Amino acid sequence: MKPDCLNISILASAAASGLARSLTNARLIKWGYTHISDDVFLVASELIANAVMATPRQEIKYQISRDGDEILLAVWDSSTSVPVPRPAPPVELTLETLDLAPERWDDNGGWGIPIIATLAVSSGYTLDPNGGKWVWARLKP
C-alpha cells in the first residue's frame, strides 16, 4: 500500500509557503481534517520560512503525512545550522511594543519556533545523513 502523503521539492522563495498551503489544503480536505487547517497552515508556513531564510533560492523539500493519529509536517533544507529559538521578549508583544520603524521592521520576527512548539504535539529537527536537516512538527487533528 502506498503511503498517503505529499512530498514535494520546491524552490526556497517567497512563493514556497503559498504553494505548500495550497497543496496542504487539498490533502486536509481529503483526510477530513479541515478543522485544524489554520494551525497546519501556520506551522507549515513557519517551517518553510525558516528553510527559505537558511537556504534562499535553493531546493527545499516539504512533506505532510498522516502518522498514526497525528499529522507530520517536515521541511528539509541543505543547511546544517540547527534551529535556535529566540529568547522571550522582556515585555509582552503588542502592537504598541513592536518597533515598526522601517530600519527595524524585520527585527519583529523570529517567533516561528515558539509558535510551532505551542501548536504542535511535538517538534524538532533531525540532521540528514545525506546532508542538510529535516525540521518537523506533529499536530493532532
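**Exercise 1.** What percentage of the 141 residues in the protein do buried residues make up?

*Solution.* The model is predicted; local features need pLDDT of at least 70, side-chain atom pairs count only at pLDDT 80 or more, and totals for chains, interfaces and linings use all residues. Residues are numbered from 1 along each chain as its sequence is written, and side-chain values use heavy atoms, with hydrogens and water left out. A residue is buried at under 20% relative accessible area, exposed at over 50%, and partly exposed in between (1.4 Å probe, protein chains only). Buried residues amount to 37% of the 141.

**Exercise 2.** State in which order the elements of the protein run from the N terminus on.

*Solution.* Helices (H or I, at least four residues) and strands (E, at least two) are DSSP runs, numbered from the N terminus. The protein has three helices and five strands. Their order is β-α-α-β-β-α-β-β.

**Exercise 3.** Describe the sheet and identify the strands at its edges.

*Solution.* Two strands pair if DSSP finds at least two bridges between them. The five strands form an open sheet with antiparallel pairing, in the order β1-β2-β3-β5-β4. Each of β1 (5-11) and β4 (122-127) has a single partner strand, so one side of each is left without a neighbour in the sheet. These two strands therefore stand at the edges.

Next, consider individual pairs. Seven bridges link β1 with β2, and N7 stands opposite Q63 in β2. Seven bridges also join β3 (residues 70-77) to β5 (residues 133-139); here the bridge partner of W76 is W134 in β5.

**Exercise 4.** Is L127 buried or partly exposed?

*Solution.* L127 lies in strand β4. Its relative accessible area is 48%, so L127 is partly exposed.
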